[in-house]
Amino acid sequence: MIITKTPFRMSFFGGGTDIEEFFRENNGAVISTTFDKYCYVTVRHLPRFFNYKTHLTYSKMEYVNEYDEIQHPAIREAMRMLDMHEIRLTYESDLPAKSGLGTSSSFAVGMLNAFYAIKGKYVDKRQLANEAIYLERILCNEVGGLQDQIAAAFGGLNRINFNSEGYDVQPIIVSPERKKKLNDNLLMFFTGFTRFSSEIQKTNSIGDTYKKKTILKEIYGLVDEAERILVDKALDLDDWGRLLDTMWQLKRQTGSAVSTNSIDGLYERGIKAGALGGKLLGAGGGGYFVFYVQPEKQEAVKQAMKDLLYIPFEFENGGTRIIHYTPETYEPRESDNECSNSR
């Protein structure tokens with residue numbers, strides 16, 4: 001039996017510039033962190049007592065014998081890609097899916113990590129990120145950027161740079177005291193709205209391409225400034241919070257589905273209560289707000305957002321990891337063409 005634990009991420013600056021059609025031509029970068037909310041994937045081989053060969057448990061339960069019977073696209077394509085047979089897979093999560101925290105990508109990374117482990121193979125974080133990107137963007141044909149899979153695999157507070165050659169992950173070196181202050185000054189609230197990020201991305205891709213590209217270039221330009229504020233102790237960290245407001249105002253202009261009147265109203269409520277800045281996490285349309293709030297204003301902001309669920313959190317640095325490993329003896333069937341009719 002294998003159990004993997006994979007963190008969710010929150011993206012602060014540069015979101016949208018991690019979309020391949022943009023960064024191949026213009027370069028891109030994001031600043032994001034993972035935090036202490038996780039998804040857990042348990043995988044073991046299924047004993048041969050049942051009249052089905054694969055058992056999947058997530059928001060649904062599936063009992064199948066062939067790949068093409070699997071309804072969950074990522075599980076189906078990952079099993080086919082890695083030639084997985086006769087498994088029981090269970091997915092659990094600290095937070096709901098479709099909420100702007102890269103949950104589907106964290107699941108993809110954690111699932112691939114578990115599949116390799118049950119085969120007795122070690123793969124590094126870059127390979128897990130690359131294969132999760134391939135799984136979601138190519139095999140499942142889901143629209144979106146590339147930051148979520150990378151953040152889930154690597155973990156930590158990072159600047160991820162994108163260019164025509166690919167990407168590189170640069171940990172942002174911040175003093176422990178300054179990093180704690182940043183963490184303490186961020187408040188996260190659940191709006192209660194959920195959506196598929198890929199559907200939001202499709203909607204946002206419609207419109208004035210030139211205007212959107214111009215805005216994304218401005219968003220890309222904020223990344224350097226945001227990193228400089230983080231690493232330079234002489235600079236006021238509150239300016240990072242104000243810059244977050246600039247980021248959100250630009251992000252709102254990148255697509256019609258990024259925000260709604262309800263979301264705009266919630267944001268204004270937080271700002272009027274004392275937040276210096278904030279943004280909706282993910283592609284837009286719902287999910288979680290994160291606000292930068294000075295300590296003396298935090299109770300006022302919490303009171304202003306009292307009809308939303310407040311989510312305390314701490315930054316984490318681990319990325320995806322295996323938290324339980326019990327090797328299994330597994331002998332494939334001699335003519336094991338279960339789930340293989342479409343290979």
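Let me start with a word we'll need: a residue is buried when its relative accessible area is under 20%. Keep that in mind as we walk through this model, which is a predicted one.

First stop, helix α3, which runs over residues 103-118. How many of its 16 residues are buried? The count is 15 of the 16, so α3 is largely enclosed by the rest of the structure. After α3 comes Gly 120, with a positive phi near 75°.

Is Arg 76 buried or exposed? Its relative accessibility is 19%, and because the cut-off for buried is under 20%, Arg 76 counts as buried. Leaving aside residues up to four places away in sequence, Arg 76 touches Tyr 67, Asp 68, Ile 70 and Gln 71.

Last stop, a pair of helices: α8, residues 209-231, and α9, residues 238-251. Their axes come within 10 Å and cross at roughly 170°, which means α8 is roughly antiparallel to α9. On the α8 side, the residues making the contact include Ile 215, Ile 219, Leu 222 and Glu 225. From α9, Trp 240, Leu 243 and Met 247 are among them. And what is this contact made of, by class? There are 10 nonpolar residues, 1 polar and 4 charged.

Methods:
Residues numbered from 1 in each chain as written. Predicted model: local features only at pLDDT ≥ 70, side-chain atom pairs only at ≥ 80, totals over all residues. Heavy atoms only, no water. Buried < 20%, exposed > 50% of the residue type's maximum accessible area, 1.4 Å probe, protein only. Contact = heavy atoms within 4.5 Å. Helix = DSSP H or I, 4+ residues; strand = E, 2+ residues; numbered from the N terminus. Expected span 1.5 Å × (residues − 1). Axes fitted to C-alpha atoms, helices over the stretch in contact; angles between N-to-C directions. Parallel < 35°, antiparallel > 145°, perpendicular 65-115°, else oblique. Nonpolar A, V, L, I, M, F, W, Y, C, P; charged D, E, K, R; others polar.
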